[in-house]
Amino acid sequence: MRISVSSDMDEPVARLLVAELRERGHEVLPHGALRPGDDPQWAVCSQAAAREVADGTADQAVVCCWTGTGASIAANKVPGVRAALCTDAYTADGARRWNDANVLALSLRLTSEPLLKEILDAWFAGEPSADAEDRANVDRVGRLDRERNPA
(Lines give C-alpha, C1' and ligand atoms only; values in the text may rest on other atoms or scores of the structure.)
Protein backbone atom coordinates (compact mmCIF):
# COMPACT_ATOMS: atom_id res chain seq x y z
CA MET A 1 0.00 0.00 0.00
CA ARG A 2 1.21 3.54 -0.76
CA ILE A 3 0.86 5.75 2.29
CA SER A 4 1.45 9.48 2.29
CA VAL A 5 2.90 10.64 5.63
CA SER A 6 3.30 14.19 6.88
CA SER A 7 4.62 15.76 10.03
CA ASP A 8 5.25 19.38 10.86
CA MET A 9 8.10 18.43 13.20
CA ASP A 10 10.95 15.94 12.98
CA GLU A 11 10.01 14.13 16.18
CA PRO A 12 11.00 10.58 17.22
CA VAL A 13 7.41 9.33 16.87
CA ALA A 14 7.22 10.67 13.30
CA ARG A 15 10.44 8.87 12.36
CA LEU A 16 9.17 5.74 14.12
CA LEU A 17 5.91 5.98 12.14
CA VAL A 18 7.79 6.01 8.84
CA ALA A 19 10.00 3.09 9.91
CA GLU A 20 7.03 1.10 11.19
CA LEU A 21 5.06 1.60 7.97
CA ARG A 22 8.04 0.52 5.88
CA GLU A 23 8.58 -2.51 8.13
CA ARG A 24 4.95 -3.48 7.51
CA GLY A 25 5.68 -3.43 3.77
CA HIS A 26 4.13 -0.08 2.83
CA GLU A 27 5.62 2.45 0.44
CA VAL A 28 5.91 5.79 2.26
CA LEU A 29 5.51 9.16 0.52
CA PRO A 30 6.95 11.69 3.03
CA HIS A 31 5.96 15.35 3.44
CA GLY A 32 6.81 18.27 5.66
CA ALA A 33 9.61 17.81 8.18
CA LEU A 34 10.04 14.23 6.95
CA ARG A 35 11.22 15.39 3.52
CA PRO A 36 14.23 17.72 3.36
CA GLY A 37 13.39 21.03 1.69
CA ASP A 38 9.63 20.53 2.04
CA ASP A 39 7.38 23.08 3.78
CA PRO A 40 6.87 21.76 7.33
CA GLN A 41 3.86 23.91 8.26
CA TRP A 42 1.11 21.56 9.48
CA ALA A 43 -1.54 23.05 7.19
CA VAL A 44 0.71 22.75 4.13
CA CYS A 45 2.14 19.27 4.65
CA SER A 46 -1.14 17.76 5.90
CA GLN A 47 -2.95 19.11 2.85
CA ALA A 48 -0.25 17.70 0.56
CA ALA A 49 -0.53 14.23 2.09
CA ALA A 50 -4.33 14.30 1.99
CA ARG A 51 -4.37 15.50 -1.60
CA GLU A 52 -2.39 12.41 -2.61
CA VAL A 53 -5.18 10.26 -1.16
CA ALA A 54 -7.87 12.29 -2.92
CA ASP A 55 -6.13 12.11 -6.30
CA GLY A 56 -5.27 8.41 -5.96
CA THR A 57 -1.49 8.83 -5.73
CA ALA A 58 -1.65 7.27 -2.24
CA ASP A 59 -4.04 4.68 -0.84
CA GLN A 60 -4.14 6.27 2.60
CA ALA A 61 -2.31 8.92 4.61
CA VAL A 62 -1.10 9.55 8.13
CA VAL A 63 -0.82 13.22 9.12
CA CYS A 64 0.87 14.40 12.31
CA CYS A 65 1.25 17.58 14.30
CA TRP A 66 1.79 18.31 17.99
CA THR A 67 -1.85 17.65 18.98
CA GLY A 68 -3.03 16.05 15.74
CA THR A 69 -5.92 18.50 15.61
CA GLY A 70 -4.49 20.95 13.07
CA ALA A 71 -3.32 18.13 10.82
CA SER A 72 -6.79 16.55 10.86
CA ILE A 73 -8.50 19.88 10.17
CA ALA A 74 -6.22 20.64 7.21
CA ALA A 75 -6.58 17.13 5.77
CA ASN A 76 -10.37 17.26 6.06
CA LYS A 77 -10.47 20.38 3.87
CA VAL A 78 -9.45 18.24 0.90
CA PRO A 79 -12.58 16.89 -0.85
CA GLY A 80 -12.80 13.12 -0.65
CA VAL A 81 -10.74 12.87 2.52
CA ARG A 82 -12.16 11.53 5.75
CA ALA A 83 -9.43 12.17 8.33
CA ALA A 84 -9.79 10.89 11.87
CA LEU A 85 -7.73 12.01 14.86
CA CYS A 86 -7.05 8.78 16.76
CA THR A 87 -5.51 8.63 20.20
CA ASP A 88 -6.14 4.92 20.79
CA ALA A 89 -6.71 1.66 18.94
CA TYR A 90 -10.46 1.58 19.61
CA THR A 91 -10.91 4.97 17.94
CA ALA A 92 -8.75 3.90 14.97
CA ASP A 93 -10.84 0.74 14.51
CA GLY A 94 -14.08 2.72 14.69
CA ALA A 95 -12.81 5.37 12.30
CA ARG A 96 -12.06 2.72 9.68
CA ARG A 97 -15.21 0.71 10.35
CA TRP A 98 -17.96 3.28 10.81
CA ASN A 99 -16.48 6.30 9.02
CA ASP A 100 -14.44 4.62 6.26
CA ALA A 101 -11.65 7.02 7.23
CA ASN A 102 -8.84 7.18 4.69
CA VAL A 103 -6.49 9.50 6.61
CA LEU A 104 -5.21 8.83 10.12
CA ALA A 105 -4.25 11.89 12.18
CA LEU A 106 -1.87 11.44 15.11
CA SER A 107 -0.60 13.60 17.95
CA LEU A 108 3.19 13.84 18.15
CA ARG A 109 2.81 14.75 21.82
CA LEU A 110 0.54 11.92 22.98
CA THR A 111 1.55 8.96 20.82
CA SER A 112 4.10 6.63 22.41
CA GLU A 113 5.81 3.78 20.53
CA PRO A 114 3.57 1.02 21.96
CA LEU A 115 0.46 3.14 21.37
CA LEU A 116 1.52 3.91 17.79
CA LYS A 117 1.81 0.20 17.03
CA GLU A 118 -1.60 -0.51 18.58
CA ILE A 119 -3.22 2.29 16.59
CA LEU A 120 -1.62 1.10 13.34
CA ASP A 121 -2.65 -2.51 14.05
CA ALA A 122 -6.27 -1.44 14.53
CA TRP A 123 -6.22 0.96 11.58
CA PHE A 124 -4.92 -1.60 9.09
CA ALA A 125 -7.10 -4.42 10.44
CA GLY A 126 -10.21 -2.26 10.20
CA GLU A 127 -12.52 -2.72 7.26
CA PRO A 128 -15.27 -0.30 6.24
CA SER A 129 -18.67 -1.44 7.47
CA ALA A 130 -21.19 -2.83 5.00
CA ASP A 131 -24.04 -1.76 7.29
CA ALA A 132 -26.57 0.33 5.34
CA GLU A 133 -26.72 3.08 7.99
CA ASP A 134 -22.94 3.37 8.15
CA ARG A 135 -22.66 3.49 4.34
CA ALA A 136 -25.43 6.12 4.18
CA ASN A 137 -23.50 8.36 6.58
CA VAL A 138 -20.27 8.00 4.60
CA ASP A 139 -22.19 8.73 1.39
CA ARG A 140 -23.67 11.85 3.01
CA VAL A 141 -20.18 13.10 3.84
CA GLY A 142 -19.27 12.59 0.17
CA ARG A 143 -22.30 14.64 -0.87
CA LEU A 144 -21.23 17.41 1.51
CA ASP A 145 -17.86 17.49 -0.30
CA ARG A 146 -19.58 17.75 -3.68
CA GLU A 147 -21.95 20.50 -2.47
CA ARG A 148 -18.98 22.49 -1.19
CA ASN A 149 -16.90 21.85 -4.31
CA PRO A 150 -19.18 21.33 -7.31
CA ALA A 151 -17.41 19.73 -10.26
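Predicted model: local features only at pLDDT ≥ 70, side-chain atom pairs only at ≥ 80, totals over all residues.
At roughly what angle do the axes of H1 and H5 cross?

Helix H1 runs over residues 12-23, twelve residues in all. Some of its residues are tucked away: Val 13, Ala 14, Leu 17, Val 18, Glu 20 and Leu 21 are buried. Look down the axis of H1 and these buried residues fall within an arc of 165°, so they line one face of the helix. Turned away from that buried side is the face with the exposed residues Pro 12 and Glu 23. After H1 comes Gly 25, which has a positive phi, near 95°.

So what covers the buried residues of H1? The cover includes strands S1 (2-7), S2 (27-32), S3 (60-65) and S5 (103-107), along with helix H5 (113-125).

Now back to the opening question. The axes of H1 and H5 come within 11 Å and cross at roughly 40°, which means H1 is oblique to H5. On the H1 side, the contact is made by Val 13, Leu 16, Leu 17, Glu 20 and Leu 21; on the H5 side, by Glu 113, Leu 116, Lys 117, Leu 120 and Phe 124. The crossing is right-handed.

Last stop: Ser 72, which sits in helix H3 (residues 69-76). Buried means under 20% relative accessible area, and Ser 72 has 9%, so it counts as buried. Leaving aside neighbours within four places in sequence, Ser 72 is in contact with Val 63, Ala 83, Leu 85 and Ala 105.

Note on methods: Residues numbered from 1 in each chain as written. Heavy atoms only, no water. Helix = DSSP H or I, 4+ residues; strand = E, 2+ residues; numbered from the N terminus. Buried < 20%, exposed > 50% of the residue type's maximum accessible area, 1.4 Å probe, protein only. Contact = heavy atoms within 4.5 Å. Expected span 1.5 Å × (residues − 1). Arc of directions from axis to C-beta. Axes fitted to C-alpha atoms, helices over the stretch in contact; angles between N-to-C directions. Parallel < 35°, antiparallel > 145°, perpendicular 65-115°, else oblique. Left-handed = near helix turned anticlockwise from the far one by under 90°.
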